[in-house]
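Me: I have a chain to look at and some terms I want to understand. Can you take my questions in turn?

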Amino acid sequence: MPLLKRFDDDLQGALKSSESLKVSVLRMVKAAVKNKAIDKGRELTDDEIIPILSTLIKQRRESIEHYAKAGRDELAQKEEQEIVIIQAYMPKQLSHAEIDSLIRNAISESSAKNSQDLGKVMRLLMPKVKGFADGAYINQRVKELLESQS
């Protein structure tokens, strides 16, 4: 089932069962998707929607950090709950072992020798993992593997 249809169906279900947080999150997701569709001048495919969801999750993670620093635990918890709802629409995330395997392949493919070659590895790797893994984690893990290699 296309993501847009799932959003609509789940929104209707959340409205009927009075799940206010889910209603709020789904409306926000639909608005973000609609804005991007307006920019492109056409309906978006599922592959074009996944990066939007990734961005929304990233924004929430950043908000959690800020709320935690400010001692606003209740707001941080709300953001965490929103992440869980959004992640339900994301493709299955790669395991750490799968990520490490992809990184090692990209390192050997790019002939990277040390952390100065980070850009080469990331250029090869990101198209393969976009939407399937957190970019910040990927970046950190590539640095670690490159440093352990040199």
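The questions below ask what the terms used for this predicted model rest on.

Me: What makes up this chain, helices or strands?
Reply: The chain has 7 helices and 0 strands. From the N terminus on, the elements run α-α-α-α-α-α-α. The C-alpha trace spans about 55 × 40 × 25 Å along its principal axes.

Me: Why is Asp100 called buried?
Reply: Buried means under 20% relative accessible area. Asp100 has a relative accessible area of 12%, so Asp100 is buried. Asp100 sits in helix α5, residues 96-110. Leaving aside neighbours within four places in sequence, Asp100 is in contact with Arg141 and Leu145.

Me: And Ser110, buried or exposed?
Reply: The value for Ser110 is 14% relative accessibility, so Ser110 counts as buried. The cut-off is again under 20%. Ser110 also belongs to helix α5. With neighbours within four places in sequence left aside, Ser110 is in contact with Lys120, Val121 and Leu124.

Me: How much of the chain is buried?
Reply: Buried residues are 31% of the 150 residues in the chain.

Me: Why is α6 called oblique to α7?
Reply: Take the angle. The axes of α6 (residues 118-129) and α7 (residues 135-149) cross at roughly 140° and come within 11 Å. That makes α6 oblique to α7. Roughly antiparallel would need an angle over 145 degrees, and roughly perpendicular runs from 65 to 115. The crossing of α6 and α7 is right-handed.

Me: Which residues of α6 and α7 make the contact?
Reply: From α6 come Leu118, Val121, Met122, Leu125, Met126 and Val129. From α7 come Gly135, Ile138, Asn139, Val142, Lys143 and Leu146. These residues divide into 9 nonpolar, 2 polar and 1 charged. Gly counts as polar here.

Me: What describes the packing of α2 and α4?
Reply: Two packed helices are described by the angle between their axes and the distance between the axes. For α2 and α4 the angle is about 65°, and the axes are 10 Å apart. This crossing is right-handed. Leu21, Lys22, Val25, Met28 and Val29 of α2 make the contact with Lys78, Gln81, Glu82, Ile85 and Ile86 of α4. The residues of this contact divide into 6 nonpolar, 1 polar and 3 charged.

Me: What makes a set of residues a nonpolar core?
Reply: The residues must be buried, come from a list of nonpolar types, and be joined through side-chain atoms within 4.5 Å. The largest nonpolar core here has 24 residues. Those with the most contacts inside this core are Leu3, Phe7, Val29, Val33, Ile49, Leu53 and Ile86.

Me: Which helices supply this core?
Reply: α1 (3-16), α2 (20-40), α3 (46-69) and α4 (73-87) each supply at least two residues. α3 gives the most, with 7 residues. Apart from this core lies another, of 15 residues, among them Ile99, Ile103, Ala112 and Val121.

Me: What is Leu3 in contact with?
Reply: Leaving aside neighbours within four places in sequence, Leu3 is in contact with Asp46, Ile49, Ile50, Leu53 and Tyr89. The cut-off for contact is heavy atoms within 4.5 Å.

Me: How many of the contacts join residues 24 or more positions apart?
Reply: Such residues account for 59% of the contacts in the chain with a separation of 6 or more.

Terms used. Residues numbered from 1 in each chain as written. Predicted model: local features only at pLDDT ≥ 70, side-chain atom pairs only at ≥ 80, totals over all residues. Heavy atoms only, no water. Axes fitted to C-alpha atoms, helices over the stretch in contact; angles between N-to-C directions. Helix = DSSP H or I, 4+ residues; strand = E, 2+ residues; numbered from the N terminus. Parallel < 35°, antiparallel > 145°, perpendicular 65-115°, else oblique. Left-handed = near helix turned anticlockwise from the far one by under 90°. Buried < 20%, exposed > 50% of the residue type's maximum accessible area, 1.4 Å probe, protein only.
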